[in-house]
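Q: Hi, could you walk me through this model? I'd like to go topic by topic.

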Amino acid sequence: MIDFTFTEEQELFRQAAREFAETRVAPGIPEMEETGRVNNAVVKALGEAEMMAITIPEEYGGLGLGYVARLIALEEVGRVSVATAMMLQVLALGIEPIVSFGSEEQKKKYLPGLATGERLATVAVTEPTGGSDVKGGRTAYKKDGDAASSHVRSGYIINGRKCFITNSHIADTITVLAKDEENPDAFSTFIVEGGTEGFKPGHRENKVGMRGCNTGELIFENCRVPKENLLGKEGKGLGVALSAIGGVGRGGMVGCALGLHTACLEAAVKFAQERILYGRPISKLQTIQNKLAEMKIDLEAGRLLAYRAASTQDQGQGRQASNEFAMAKHFTTEAAQKAAKMAVDIHGGYGCMEEYAVTRYWRDAAVLGPSAGTSDIMKVIIARGVLS
Amino acid sequence: MLNIVVCVKAVPDPKEADKIKIDPVTRTLTRCDVPLVLNPLDKNAMEAALQLKELLDARVLVLSMGPPEAGKIVKECLAMGADQGVLLCDRAFAGADAYATAYTLAKGVEKIGAYDVVFCGMASSDGSTELVGPELATFLKIPVATMVQEIVEFGGEWWKVKAALENGYRLVRVKLPAVFTVTREMNTPRTLSFSGIVKARRKEITQWGISDLDVPEASVGLKGSPTTVSDMTTTDSKREAEIIAGTREEKAERLVRKLAEAGVI
C-alpha cells in the first residue's frame, strides 16, 4: 500500500519552515515590494534558519535532508513570499552542481560556507541567445597559461554575458556554463567567485513580480579562473548544468508554485468568508465555491505530482525525477497562475488594490511560468520522455 | 547538575478554535479535525528551561500526559532542545480534570526522581484553569511560584523570581525544588530549527502507563476527577454597526458614553 502521509519529522520541518517564514520573512516583504531589492535581513535569516543547508551532505556542514524536506521548506516560504522562495530555490540550484560534481577539494572549500549562508550560490546558464536552447549560448572559454610561459598558473579565460540570472548581484559562488572557443560543441562548467578579476554583475532587472528576488546580468571580460575551479570534467559541462536544472531548478519552481497556490487559496477563502453580498458571505455562492474547489483540486493534484517527484529524487533516481519534475513544474506553475487569477477575481475590485496580497500573488505568478523553463519547454521535455 | 522538568500539554490548535464545538447532548467538546499543538504558554516554559540550560549545567526533561498523538508535541520539545521526553499515556488517564492531571503528573515527576525545578505554562489555552501548576506542587509537597515573568536570581538553593500581579509584580524567594508557572512575558520562545529536529532523532521518548506509575485507577482520569461540568454553552458574538450623529463634540461624548456602557473603557 502506498503511504501518502508525511512523517512526524516532516511535519515538524513544515512547522519550523512556517514559523520561520511568518516571523522572519514576512516582515521584509513591504521593503522588498517597494524597492525591488534583496532584503539583507531576510538573506541573513535564511542562513540562520539553515535553509541553505537542507540539501548539503552532513559531512560538509549541511543537514543532508534531501528533496522532500527541501520541497516542504520551499512550499512554506513560498506561501509567505514567493520572491524569497525563488531566491532560496536558486541558492540550492547553485549548490547542487558542487554537491554532485565537485571534487573533494571543491566540496570542502565551498559547501560549509554555502550551508551557513556565508557564501551564496547561483548557476549561470541563460544568455540572450540561448536559455532553453542551451547550446545557443555564446559565452566561451579558452585555456590560459598552458602554452604561454608568461602565466604563473594555468587555468581558463572566460568571455561572455549571462542574463536573467537569479541572485546575480548577491551570489559569490557561481557555476558558469561556457563553450570551448575552439570546439563550440564542447561545454564546461566553472566555479567563478565574487570579486574575480574580469567578472562583474551587470544590469539589474526590474521584474513585474517576485520583487526583492534579484535577477540580472553577469559579465565576463577576460575573466581568469584557475584550473581548480573547473567543475566536473572538461567538455562535460552540459551534463553538470542540465542535471542541476532538471532536478533542483524545476523542483524548486514547483515548491514556489505550491506555496503561492496555497497563499492564493487561503486569501480567497478568508475574503470569501468575510465579504458580505446579498446579505451573506460570498462563500455561500456556488460560483465562488466553484472557484475555491477548482483551486483546491489543482493544489492537491500538484502536491501529489510534486512530492512523488521529490521522493523519487530522494531515492536516487535522478533521471526519472527530472521527468516527473517537468510534469510537476508544468502543472503547478500553470495551476498557480490560474489560482492567482481566481483569487483576484474573488476579491472583485479589492483584487486591484495593492493593500490586498492577492495583487502581489498575481504579479508573482507571472514570473513562475518562464523560470527554469517555460510550460511549452516542459511539454517538449515530457513528450521526449513519452516518445523515448 | 540542575535537573529541570517541563510539563507540557497538547491542546487543540488555538488558531482553529472556531472549529471546536460543544456537543449539545453530551456537553463535551468535539475536537474533530482540530490538530493538537503545544500549548502556547508551555513554549515559554520550555524556553525558560532551555535558557537556563545554556547558562548552567542542566538537563531538561519534558513531561506530558495525553493521548498517543501528544507524542508529537513531546517530540517538538525535544527538537526545541530538551534532552529527554516522557509521555504519560493510558486510557485510564483520559478525561482528567486539573486535579487528576496534577496528581498523575506528580506521580510522573516522582518516578523521574531527580528534579530541582519544574516549569509549567501558567495556563493551558483550552482549559485555562491555572490550577495544574499549583496542584502539582501540592502533590509533590514543594513550593510554587505562579505567574513568573522573570527569574532574577538562580543557580543556588534559593531562587528569586518576579511574579506578576494585576498592577505590578512581587519578588519571591523560593527554595528548590520548586514549581514555577510562567507567563507569556517571561521570554520569546525560540522557533524550531531543522537541525534541532534532526538532533531529536537520537533523543528518547519514554511512555508510561498506569501500571508504570503504580497508582489506583480511581485516582486518575475521569474517575479521579472531582470536578463535575454541569453545563457548557457557546457564546454568540456578533458585530453591530451604529452611526453616531451630531456635532464633533456630541459625537465624541456619545461615543465615550457608549464605550463606557459597553464596558470597553
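This is a predicted model: local features need pLDDT of at least 70, side-chain atom pairs count only at pLDDT 80 or more; totals for chains, interfaces and linings use all residues.

Q: OK, switching to chain A. What does the domain assignment give?
A: It gives domain 1 (8–116), domain 2 (121–235) and domain 3 (239–387) of chain A.

Q: How far apart are the C-alpha centres of domain 1 and domain 3 of chain A?
A: They lie 20 Å apart. As for contacts, 23 residues of domain 1 of chain A meet 24 residues of domain 3 of chain A.

Q: Which helices supply at least two residues of the domain 1 side there?
A: Helix H4 (66–80) and helix H5 (82–101) of chain A each do. H5(A) gives the most to the side of domain 1 that touches domain 3, with 12 residues.

Q: What's that side of domain 1 like by class?
A: The side of domain 1 of chain A that touches domain 3 has 14 nonpolar residues, along with four polar and five charged ones.

Q: Back to H5(A) for a moment: is it mostly buried or exposed?
A: Mostly covered, as 19 of the 20 residues of H5(A) are buried.

Q: Where is the kink in H5(A)?
A: At A:Ile95, shortly before the proline A:Pro97, and the kink is about 25 degrees. From first C-alpha to last, H5(A) reaches 29 Å, close to the 28 Å expected at 1.5 Å a residue.

Q: Zooming out, how many helices and strands does chain A have?
A: The secondary structure of chain A comes to 11 helices and 10 strands. Of its 388 residues, 51% count as buried.

Q: Why does the radius of gyration of chain A agree with a compact globule?
A: Because a compact globule with 388 residues would have a radius of gyration near 21 Å, and chain A has 21 Å. Along its principal axes, the C-alpha trace of chain A spans about 85 × 50 × 40 Å.

Q: Last one: among contacts in chain A between residues at least 6 apart in sequence, what percentage join residues at least 24 apart?
A: That comes to 73% of those contacts in chain A.

Note on methods
Residues are numbered from 1 along each chain as its sequence is written. Chains are lettered from A and ligands numbered from 1 in the order in which they are written. Domain bounds come from an automatic or database domain assignment. Two residues are in contact if their C-beta atoms, placed from the backbone, lie within 7 Å. Helices (H or I, at least four residues) and strands (E, at least two) are DSSP runs, numbered from the N terminus. Ala, Val, Leu, Ile, Met, Phe, Trp, Tyr, Cys and Pro count as nonpolar, Asp, Glu, Lys and Arg as charged, and the others, Gly among them, as polar. The radius of gyration is taken over C-alpha atoms; the globule rule is 2.2 Å times the number of residues to the power 0.38. A residue is buried if 20 or more other C-beta atoms lie within 10 Å of its own, exposed if 12 or fewer, and partly exposed in between; C-beta atoms are placed from the backbone. The expected span of a helix is 1.5 Å times one less than its number of residues. The bend at a residue is the angle between axes fitted to the seven residues ending there and the seven starting there.
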